[in-house]
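Reader: I should like to learn how one reads a protein model, step by step. May we take up one feature at a time?

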Amino acid sequence: MVEKESSDHDMRTLESVKKKRGYVLPYHELFWCINPDLLAKYDAFYERLTLKANHLDNKTKELVWLGILISVFEEAGTIHLNRATEAGVADEEIRDVIKLTQVARGFEVVRFVGDKWKEHLPAIDPLRTYGDLIESVTERVSISRKVCELVFIGIYCAIPIPEALKYHLLRANKCGVRDEEIAEAMSFIFIPRGGNVLIEAAQVLKDIVQSGQFKPNSAFRHWLDAAS
């Protein structure tokens with residue numbers, strides 16, 4: 001094992017993280033203990049993924065983040081409430097995200113009825129019932145349909161529920177959400193939920209692109225090439 005003493009330069013890496021974010025988390029200190037350069041590179045990754053503009057505007061980005069954090073009951077995620085305020089998110093829009101998350105968490109009812117009571121209720125299509133509810137709710141919120149779909153995508157990546165994620169990926173595709181916007185909304189879960197959950201979510205998307213159900217409008221076309 002290689003021993004390495006702390007130096008002024010090493011400490012500046014931690015200080016830089018704290019100055020930029022206003023806090024230092026214990027796992028930042030773990031990364032720093034392993035190698036200050038590891039912390040620096042992770043911080044650059046985090047900044048590129050969550051702080052700087054990619055394809056989603058800051059307001060949409062924070063609405064998606066709020067849906068993800070509420071859906072997994074992440075108490076420590078309140079920094080995104082501050083970021084949402086800074087991005088211009090109104091209280092009404094936060095209430096709307098809470099409504100969408102409540103609906104999303106209720107998908108377990110759809111899954112239960114479809115899995116366990118299907119033969120007893122042959123005339124009832126649980127997924128169609130869910131779709132009726134989604135239409136009713138999204139018509140009554142101030143958030144646009146496209147943003148609603150991105151919020152649902154983030155939520156169902158985080159929970160995760162593959163059937164519901166597939167449903168909303170297809171809805172997003174049909175209502176004109178761009179591939180890159182979908183990819184960015186999905187990618188946020190890497191921070192609170194980890195790589196394995198994101199692998200599962202990305203596989204759902206890849207499968208529906210390669211099956212022809214999802215019509216890629218740009219970035220995801222490489223999966224069609226990979227399948228041929």
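Reader: In which helix is the place of E184?

Author: This is a predicted model, and within it E184 belongs to helix α11, which covers residues 179-187.

Reader: Is E184 buried or exposed?

Author: One compares the relative accessible area of a residue with a cut-off, and under 20% a residue counts as buried. E184 has a relative accessibility of 5%, so E184 counts as buried.

Reader: With which residues is E184 in contact, leaving aside its neighbours within four places in sequence?

Author: Those residues are N54, H55, L56 and K61. A separation can also be read between C-alpha atoms: those of E184 and L49 are 8.1 Å apart, although 135 residues separate the two along the chain.

Reader: What is the volume of the largest pocket, and which residues are closest to its centre?

Author: The volume of the largest pocket is about 290 Å³. The lining consists of 14 residues, and those closest to the centre are Y23, L25, A76, G77 and I191.

Reader: Which helices each supply at least two residues of that lining?

Author: They are α4 (58-71), α5 (79-86) and α12 (190-193). Sorted by class, the lining of this pocket has 10 nonpolar, 2 polar and 2 charged residues.

Reader: Which helix has the lowest mean pLDDT, and which the highest?

Author: Before reading any detail, one consults the confidence of the predictor. Among the elements, helix α1 (residues 8-21) has the lowest mean, 80, and helix α9 (residues 145-158) has the highest, 98. Over the protein the average pLDDT is 92, and 96% of the residues score at least 70.

Reader: Where does pLDDT stay under 50?

Author: It stays under 50 over residues 1-6, and for these the model has 4 contacts beyond four places in sequence. Where pLDDT is low, the predicted coordinates should not be read in detail.

How values were computed
Residues are numbered from 1 along each chain as its sequence is written. This is a predicted model: local features need pLDDT of at least 70, side-chain atom pairs count only at pLDDT 80 or more; totals for chains, interfaces and linings use all residues. Side-chain values use heavy atoms; hydrogens and water are left out. On a 1 Å grid over the protein atoms alone, a cavity is a set of points where a 1.4 Å probe fits but cannot get out, and a pocket is an open set with protein on both sides within 12 Å along at least five of seven lines; lining residues have an atom within 4 Å of a point. Grid points are joined across faces, edges and corners, and a volume is the space filled by probe spheres set on the points. Helices (H or I, at least four residues) and strands (E, at least two) are DSSP runs, numbered from the N terminus. Ala, Val, Leu, Ile, Met, Phe, Trp, Tyr, Cys and Pro count as nonpolar, Asp, Glu, Lys and Arg as charged, and the others, Gly among them, as polar. pLDDT is the predictor's confidence in each residue, from 0 to 100. Contact means heavy atoms within 4.5 Å. Buried means under 20% relative accessible area, exposed over 50%, partly exposed in between (1.4 Å probe, protein chains only).
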